[in-house]
Amino acid sequence: MTTRGLAYTGSVGFALWRRSLLELARVRGGLLPTTVAPLIFLLGSLGQFGRLDQLVGFPTTSYIAWLMPLSCLQAAGFAGGATGANLARDIEAGWFDRLLSSPAPRPLLILGPVMAAMTRCLIPVSVILIVGLLIGPGLTGGLAGLLMLYLAAIAFSVVASLWGITLALRARSQQVGPLIQNGVFIAVFLSTAYTPLPFLKGWLAIAAPYNPVTYVLQMGRQATVSGIELSWANTWPGLLALAGMILFFGLLALRQLRRVDL
């Protein structure tokens, strides 16, 4: 690709990223659902199950330390899933058809909103971290652990946005919004959401080890859970799971985009 082509591609990607972010200025309170809902789950779960940390073998003495990465992942997933709902709105309004008729490279029509989701998720994730740290024990993994948590959350927002974009391109209707959010919700809670693997029973104990989100949570929990050592062994399974999910849903989104373009 020529220098001129690269400059054009970059300008188009930046414009789509900026347009997606401008929605926050146009729709005040647009981030409230993605922030408030995980906070409610965090505080509600702490009230209901807060004494689980007293079980013998539980990897931390503070249950909120176990829940904080879960809520951060929820917030990132909901923020990413909103990308699909916004795309469905643009499809219904005819804006996306205008983009398809433009000379813009097709992958950029996905990349721009995905980059916006990565940026947008930083706000609810940071709010949840601040609240959790105010009432919790702090960061046991230090700065490196915090980096792992943010990396897990941002990458998970990419997964959720690609999932949402795929459904939006297929349904071409805002009615797909609840399905996008429910997919994120189910993926998170069919993992080690509330307790470690050794404490799970029944069918959930069978499903959780095969759920890639389990390993993403393990990676993020290096920041807050004292019993999870910051190490490569606790990091690479999460990175591999994220890379696999991004590749899988990215290919699905591109495939669905090609079908719409035809």
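Tutor: A helix here is a DSSP run of H or I with at least four residues, and a strand is a run of E with at least two, both numbered from the N terminus. Please keep in mind that the model is predicted.

Student: What pattern does the chain follow along the sequence?

Tutor: Read in order, the pattern is α-α-α-α-α-α-α-α-α-α-α. The count is eleven helices and zero strands.

Student: How much of the chain is buried, and what share of the contacts joins residues 24 or more positions apart?

Tutor: Of the 262 residues, 48% count as buried. Among contacts with a separation of 6 or more, 78% are between residues 24 or more positions apart. The accessible surface comes to about 12,700 Å², and 69% of this belongs to carbon and sulfur atoms.

Student: Why is Arg120 called buried?

Tutor: Buried means under 20% relative accessible area. Arg120 has 5%, so Arg120 is buried. Its place is in helix H5, residues 106-120.

Student: What makes the pairing of Arg120 and Thr83 a polar contact?

Tutor: The side chains of Arg120 and Thr83 are joined at 2.9 Å. A polar contact requires a pair of N or O atoms within 3.5 Å, one able to donate a hydrogen and the other to accept it. The distance of 2.9 Å is therefore within the cut-off.

Student: Why is Thr195 called buried, whereas Tyr194 counts as partly exposed?

Tutor: Thr195 has a relative accessible area of 13%, which is under 20%, so Thr195 is buried. Tyr194 has 26%, which lies between 20% and 50%, so Tyr194 is partly exposed. Thr195 is in the loop between H8 and helix H9 (202-207), and Tyr194 lies in the loop between H8 and H9.

Student: Which residues do Thr195 and Tyr194 touch?

Tutor: Leaving aside residues up to four places away in sequence, Thr195 touches Leu52, Phe58, Trp66 and Leu200. With the same exclusion, Tyr194 touches several residues, including Ser45, Phe49, Tyr63, Trp66 and Phe189. Tyr194 and Trp66 are 128 residues apart in sequence and 7.5 Å apart in space, C-alpha to C-alpha.

Student: What makes Arg172 partly exposed?

Tutor: The relative accessible area of Arg172 is 33%, between 20% and 50%, so the term partly exposed applies. Arg172 is found in the loop between helix H7 (142-171) and helix H8 (177-189). Arg172 has a positive phi of about 55°, although it is not a glycine.

Student: Why is Pro105 called partly exposed?

Tutor: Pro105 has a relative accessible area of 29%, which lies between 20% and 50%, so Pro105 is partly exposed. The loop between helix H4 (95-100) and H5 holds Pro105.

Student: Which residues of helix H10 are buried?

Tutor: In helix H10, residues 212-220, the buried residues are Val213, Thr214, Val216, Leu217, Met219 and Gly220. At the start of H10, a side-chain oxygen of Asn211 reaches to within 3.0 Å of the backbone nitrogen of Val213.

How values were computed:
Residues are numbered from 1 along each chain as its sequence is written. This is a predicted model: local features need pLDDT of at least 70, side-chain atom pairs count only at pLDDT 80 or more; totals for chains, interfaces and linings use all residues. Side-chain values use heavy atoms; hydrogens and water are left out. Buried means under 20% relative accessible area, exposed over 50%, partly exposed in between (1.4 Å probe, protein chains only). Contact means heavy atoms within 4.5 Å. Accessible areas come from the Shrake-Rupley method with a 1.4 Å probe; for residues, only the protein chains shown count as cover.
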